[in-house]
Amino acid sequence: MIYNLTVSPDFAPDHISGWYFFNTWLQRQLGERVHLELYDCFEKQREDIAADKIDLIYANPYDAAMLVREKGFRAVVRPQGKSDEAIIATLASSDVNAVEDLVPGITVATTDDPDVHTMGMIMLESADLNRSNISIEEVDSYVLVAKKLLQGKAQAGFFLKEGFEELSDLIRNQMKVLVCSQISVVHHTLLVGPRMAESIPQLTEALLSMGDDEKGRKVLESMDLTAWEIMEEEETEFMIDLIDTLID
Amino acid sequence: MLSQNSDGPRQVQIDYFDGSSRTVDVVDREVPYPDGKLIVSRTDPQGIITHANQAFVDMSGYTKEELIGENHYILRHPDMPAVAFAGLWETIMAGTKWHGYVKNLRKDGAFYWVKATVIPNVRNGKLVGYTSVRRKPSRSKIAESEALYATLK
């Protein structure tokens, strides 16, 4: 049997090769064949999840909720010290200095990343802005969100904090951060699907000791991770409950 | 960080739904909600706090140790009408999500406004508690809520 591994499309493009290294490492650890399928948008990935084609996924917190509650997946580990935080930024030269300075009628540039978009919309609420009084422009990447701001086609942009920090200095210096979320308990997780459930003990053990040898450490580094941490079932449920409160 | 109005503290007795009551010092000073943060707490099915995040500790003025094991109603500000909380409990006990604007009382008698969402936590079909997440409300929603709650007292 060949298992299918995939990664949430919001991972940083610089670390694509890291996920291929991880896949090779994983196959050696499990003694099983694993195919890595990467997607450039959430929609296509969700179609394959719905069609039960995925067995192992590094998922963003919104998809994790759906995978656990609707598809019987189990979160096994999370990346150590990494949480998903969102930033709302505007042009550095703008008169806007706080979220409350943003006014109805603005255009907001965003991506199809569901957690960043939701957190961004929540942080606009304090300015009485919502879907009904702003225009949303969805683009494919954080670089394109920045481009919309620099071109003056959007007055605010939503970024994954990590995505914002990975922009070049030249681009980042032309923007200013209005607000950055500090939620800390919303993060990506590695989830295992029902077909692969029997491998969970072996997989968890291998992942938790991944940093113990040099090969594993290098693979982690190539994915920009330091280590995996165990994800208890109640911790997953808590994160899902929390996300549930953020969705109207 | 703090904005201080000139009014001094006033002592108010708050009566809770379970028959208990306490006298609190209330000062007319608002602590602004911090940008980007969520206040998160969990309770058992009876409303006893079982989890509090750092933002909750910071904004409430209590230590985590003081919060855990207390009833969530220690945050109730005397300006909040009892009917607002009756609506909350009716909604969440029916298994659905509740949203509302709430004026919370800090340990030092000051207050902070939140947009609160409360959901029931169901595990294997059984209610095990509630999660409450609070976020920053807009000034216009606060003004609307203040006006509404004044009519419900």
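Which residue of chain A forms a salt bridge with B:Arg123, and how far apart are the closest N and O atoms? The legends below start from that pair. The model is predicted.

**View 1. Salt bridge of B:Arg123 with A:Glu234.** The partner of B:Arg123 is A:Glu234. Their closest N and O atoms lie 2.9 Å apart. This pair spans chain B and chain A, between which the count is seven salt bridges. Polar contacts were also counted between chain B and chain A: 13 residue pairs, both residues at pLDDT 80 or more.

**View 2. The side of chain B that touches chain A.** Four elements of chain B each supply at least two residues here: strand 3 (39–43), strand 6 (111–123), strand 7 (126–135) and helix 4 (139–152). Strand 6 of chain B gives the most, with six residues. By class, this side of chain B holds ten charged, eight polar and six nonpolar residues.

**View 3. Area buried between chain B and chain A.** The two chains bury about 1900 Å² between them. Carbon and sulfur atoms carry 51% of that area. Chain B brings 24 residues to the contact and chain A brings 22 residues. Three residues, B:Leu38, B:Arg123 and B:Arg135, supply 27% of the area that chain B buries against chain A.

**View 4. Salt bridge of A:Glu125 with B:Lys115.** The closest N and O atoms of A:Glu125 and B:Lys115 are 3.3 Å apart. A:Glu125 sits in the loop between helix 4 (114–124) and strand 7 (135–138) of chain A, and B:Lys115 sits in strand 6 of chain B, so the pair joins two chains. Over all chains, the whole structure has 28 salt bridges.

**View 5. Helix 3 of chain A against helix 10 of chain A.** The axes of helix 3 (residues 61–71) and helix 10 (residues 233–246) of chain A come within 9 Å. They cross at roughly 115°. The crossing of helix 3 of chain A past helix 10 of chain A is left-handed. Helix 3 of chain A makes the contact through A:Pro61, A:Tyr62, A:Ala64, A:Ala65, A:Val68 and A:Arg69. Helix 10 of chain A answers with A:Thr236, A:Glu237, A:Met239, A:Ile240, A:Asp241, A:Ile243 and A:Leu246. The residues of this contact divide into nine nonpolar, three charged and one polar.

How values were computed. Residues are numbered from 1 along each chain as its sequence is written. Chains are lettered from A and ligands numbered from 1 in the order in which they are written. This is a predicted model: local features need pLDDT of at least 70, side-chain atom pairs count only at pLDDT 80 or more; totals for chains, interfaces and linings use all residues. Side-chain values use heavy atoms; hydrogens and water are left out. Axes are lines fitted to C-alpha atoms, for helices over the stretch in contact, and angles run from 0 to 180 degrees between N-to-C directions. A crossing is left-handed if the near helix is turned anticlockwise from the far one by less than a right angle, and right-handed if clockwise. Contact means heavy atoms within 4.5 Å. Ala, Val, Leu, Ile, Met, Phe, Trp, Tyr, Cys and Pro count as nonpolar, Asp, Glu, Lys and Arg as charged, and the others, Gly among them, as polar. Buried area is the accessible area (1.4 Å probe) that two parts lose on being put together, summed over both. A salt bridge is a side-chain nitrogen of Lys or Arg within 4 Å of a carboxyl oxygen of Asp or Glu. A polar contact is a pair of N or O atoms within 3.5 Å; within protein, one must be able to donate a hydrogen and the other to accept it, and residues adjacent in sequence count only if both atoms are side-chain atoms.
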